[in-house]
Structures are given as C-alpha cells and as structure tokens.
Amino acid sequence: MKKIAIVIISYRRPKDTLLLLQNIAQQKAAQDLLEQVIIIDNHSEQDYSEVTQYIETSSLPFYYHYSDENLGVARGRNLAISMAQAPIVVTIDDDAYFKHNNALIEIVHFFESEYALQHKVGVLCFQVFYGANGQIQQNAFPHKKFDRYKDKNQFLSAYFIGCGHAILKEVYQKTGPYPSDFFYGMEEYDLGYRILDNGYSIAYDNRIAIIHNESPLGRTPNVDKMQMLWLNKTKVAYRYLPYRYFISTALMWSLQFLLKTKFNWTCFFNTWKKIVQIPKHEKRQVLRKETLQYIQRVEGRLWY
C-alpha cells in the first residue's frame with residue numbers, strides 16, 4: 001500500500017494542533033501507512049510546548065518545524081510539501097480532524113481504486129463538517145452547485161478546498177508548488193488549474209470526512225483578507241483563463257468586496273489600481289481546450 005505524509009500548517013492554534021495529532025495517532029494502520037506528519041509552526045507567538053512534548057513521546061513519525069517568519073498559507077504548504085517523501089500528501093487545517101478512524105486506509109484505497117485510475121485523479125477532496133452543528137460546510141464543499149451535488153458519494157470537480165485534501169506527490173513534481181506570491185487565499189485555484197492542465201482530474205469522495213472547528217457563521221470579514229481574495233482570484237483568472245473571465249472575475253469580486261467590507265471605498269480603489277497593473281506583471285498560461293472542456297463537463301464555474 002502507498003504511504004502517506006500529512007502536512008499541517010499551524011498558526012496560533014497549539015491546542016487544536018495537539019488534538020489533531022492525537023486524532024491522527026488514533027487512525028487505524030497509522031504505524032504502517034504514515035511516513036511523515038509534518039507540522040510547520042508558522043512563526044506563531046503561542047506556546048507550542050504541549051505539541052512538542054507530545055511529539056517526543058509518540059512513536060509516530062511526527063516532525064515539528066518552527067518557521068522564522070510567517071510564510072502565509074501557500075509558502076508554508078510549499079515548505080512542508082518539499083519535506084514530504086510519501087507518494088500521497090494529505091493537507092489538513094490545524095483546526096480540523098478526521099471524523100472516522102479509518103480515514104488513512106480510505107485515502108489509500110481511493111487512489112488505488114479503479115475510479116481513480118480510470119479518471120487519472122491527482123487530487124482527492126474530503127467531505128467537511130462543521131464541528132459546532134455537524135452540518136456539511138458549504139463553503140468547504142468542492143462544487144458551487146451545492147444542492148445538486150451534496151448528496152453524491154463521489155464526483156469529479158474543477159477545484160479543491162484547502163482545509164482537507166490529498167494530492168499525489170507526483171502531481172506536485174509535475175505542476176510545481178503553490179504560488180509563492182499569494183500570502184492568503186485562492187492558492188488552491190492557481191495550483192488546481194495547473195493540475196487539470198497536466199491531465200489530472202480532481203475528485204470528491206465522502207467516505208473521507210473531517211470535522212472543521214470553524215464557526216457556521218463564517219469568519220468575520222477582514223478588509224485585508226477580502227482584498228487578497230479579490231486580487232488573487234483576478235490574478236488566477238488572468239493567468240489561466242480566456243480574457244473575458246479575467247474581466248468578469250475582477251468586476252464580480254469588486255462587488256463582493258464592497259458588500260463584505262461595508263463599502264470600504266479607499267481599499268476598493270487601491271485594489272483596482274493593482275488589478276489594472278496585472279497584465280503588465282503577469283504571464284498568461286491559458287488552459288488547454290481540453291482542460292476548459294473538462295471544467296465545463298464537471299459544471300465548474302469560470303465567470304468569477
């Protein structure tokens with residue numbers, strides 16, 4: 001059976017990280033399937049001594065690395081992924097944990113299944129539940145047509161969600177890492193398009209599920225984060241999609257930004273100044289016709 005490396009980027013959540021490590025240790029066949037569990041302390045000022053003490057007493061291959069700077073999500077994952085040696089790399093948020101104790105076994109079984117081989121699946125998306133109420137987390141579901149797809153056990157998708165997924169190591173080797181210029185937000189779209197363009201597909205399977213301790217009310221909108229989401233999504237559209245989608249993405253996300261930030265006009269105009277500069281600084285790598293057809297076939301969304 002293929003071995004697994006688990007990647008955890010932790011920032012200000014030592015207690016949640018400890019619970020996740022304990023949850024991983026309770027997984028069936030953990031001793032046999034785990035090659036590495038890599039924890040990147042992303043320059044947190046919190047006390048991680050409980051985490052490091054637990055690691056020292058565990059027989060599992062836990063590796064703790066403290067970063068001298070806050071690398072952000074994308075660069076933090078890139079660092080951990082560069083350390084991972086196993087053929088399957090699982091990424092899970094530090095405020096999440098596996099719902100069932102056979103998750104590792106199911107992940108390996110999926111990638112060895114006829115379905116995964118037939119569709120050349122490079123990315124496996126997990127089902128995500130809110131810890132507070134046990135409901136499916138819609139904004140962590142890998143399809144925009146939630147009502148149509150939420151009851152499906154398995155389907156192909158056009159994108160994946162960061163809080164819980166598995167990617168073959170060979171995929172990273174062929175497509176390259178997450179975009180290092182993205183500090184927060186939309187890095188999965190950037191990598192996901194490159195994955196699809198290299199002939200892999202993205203799949204969802206609800207047999208692998210995680211509990212996510214994020215509030216069902218969502219995170220409080222933050223102006224800086226909303227700006228990064230808008231700017232990064234627009235960059236992704238410019239890099240990989242036909243030009244009309246670059247325009248539609250910039251416009252639609254500008255409206256979303258205004259609504260979420262209660263009409264922060266100063267940041268709105270400052271962001272537009274950056275967006276109009278995108279064609280001067282970004283290279284276009286428009287997706288192959290076959291990739292765009294795949295996205296349309298799985299009912300992916302391109303306009304925004």
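**Close-up views of a predicted model**

View 1. Beyond its neighbours within four places in sequence, Phe160 is in contact with Val123, Cys125, His165, Ile167, Tyr178, Glu188, Leu191, Gly192, Ile195 and Ile202. Phe160 sits in the loop that joins strand 7 (154–157) to strand 8 (164–168). The residue is buried, at a relative accessible area of 1%. Gln277 lies elsewhere: 117 residues separate Phe160 and Gln277 along the chain, and their C-alpha atoms are 28 Å apart.

**View 2. Helix 9 crossing helix 14.** Helix 9 spans residues 187–197 and helix 14 spans residues 289–297. Their axes come within 9 Å and cross at roughly 110 degrees. The two helices are therefore roughly perpendicular to each other. The crossing is right-handed. From helix 9, Tyr193, Leu196 and Asp197 take part; from helix 14, Thr291, Tyr294 and Ile295 meet them. By class, this contact of helix 9 with helix 14 holds four nonpolar residues, one polar and one charged.

**View 3. Helix 11 against helix 12.** The axes of helix 11 and helix 12 are 10 Å apart, and the packing angle is about 165 degrees. An angle over 145 degrees counts as roughly antiparallel, and helix 11 and helix 12 are therefore roughly antiparallel to each other. Helix 11 passes helix 12 in a right-handed crossing. Helix 11 brings Phe246, Ala250, Leu251, Ser254, Phe257 and Leu258 to the contact. Helix 12 brings Trp265, Cys267, Phe268, Trp272 and Ile275. The contact of helix 11 with helix 12 has 10 nonpolar residues, one polar and no charged ones.

**View 4. The two faces of helix 12.** Helix 12 covers residues 265–275. Cys267, Phe268, Thr271 and Ile275 are its buried residues in this view. They cover an arc of only 105 degrees around the axis, which puts them on the same side of helix 12. In an α-helix there are 3.6 residues a turn, so residues three or four places apart point the same way. The face turned away from the buried side carries Thr266 and Lys273, both exposed. The buried residues of helix 12 pack against helix 10 (223–240), helix 11 (243–260) and helix 13 (278–281).

**View 5. Leu231 in helix 10.** Leu231 counts as buried, with 12% relative accessibility. Neighbours within four places in sequence aside, Leu231 is in contact with Thr271, Lys274, Ile275 and Ile278. Leu231 and Ile278 are 47 residues apart in sequence. In space, their C-alpha atoms are 9.3 Å apart.

**View 6. Helix 1 alongside helix 3.** Helix 1 and helix 3 (residues 49–57) pack with their axes 8 Å apart, at an angle of about 20 degrees. That makes helix 1 roughly parallel to helix 3. On the helix 1 side, the contact uses Pro14, Lys15, Thr17, Leu18, Leu21, Gln22 and Ala25. On the helix 3 side, it uses Glu50, Val51, Tyr54 and Ile55. The contact of helix 1 with helix 3 divides into seven nonpolar, two polar and two charged residues.

**View 7. Positive phi at Arg12 and Ala29.** Most residues other than glycine have a negative phi. Arg12 is not a glycine, yet its phi is positive, about 65 degrees. Arg12 lies in the loop between strand 1 (4–10) and helix 1 (14–25). Arg12 counts as exposed, at 54% relative accessibility. Ala29 also has a positive phi of about 65 degrees without being a glycine. Its place is the loop between helix 1 and helix 2 (30–33). Ala29 counts as partly exposed, at 31% relative accessibility.

**View 8. Helix 5, mostly covered.** Helix 5 runs over residues 103–111. Seven of its nine residues are buried. These are Ala103, Leu104, Glu106, Ile107, Val108, Phe110 and Phe111.

Key. Residues numbered from 1 in each chain as written. Predicted model: local features only at pLDDT ≥ 70, side-chain atom pairs only at ≥ 80, totals over all residues. Heavy atoms only, no water. Axes fitted to C-alpha atoms, helices over the stretch in contact; angles between N-to-C directions. Helix = DSSP H or I, 4+ residues; strand = E, 2+ residues; numbered from the N terminus. Parallel < 35°, antiparallel > 145°, perpendicular 65-115°, else oblique. Left-handed = near helix turned anticlockwise from the far one by under 90°. Contact = heavy atoms within 4.5 Å. Nonpolar A, V, L, I, M, F, W, Y, C, P; charged D, E, K, R; others polar. Buried < 20%, exposed > 50% of the residue type's maximum accessible area, 1.4 Å probe, protein only. Arc of directions from axis to C-beta.
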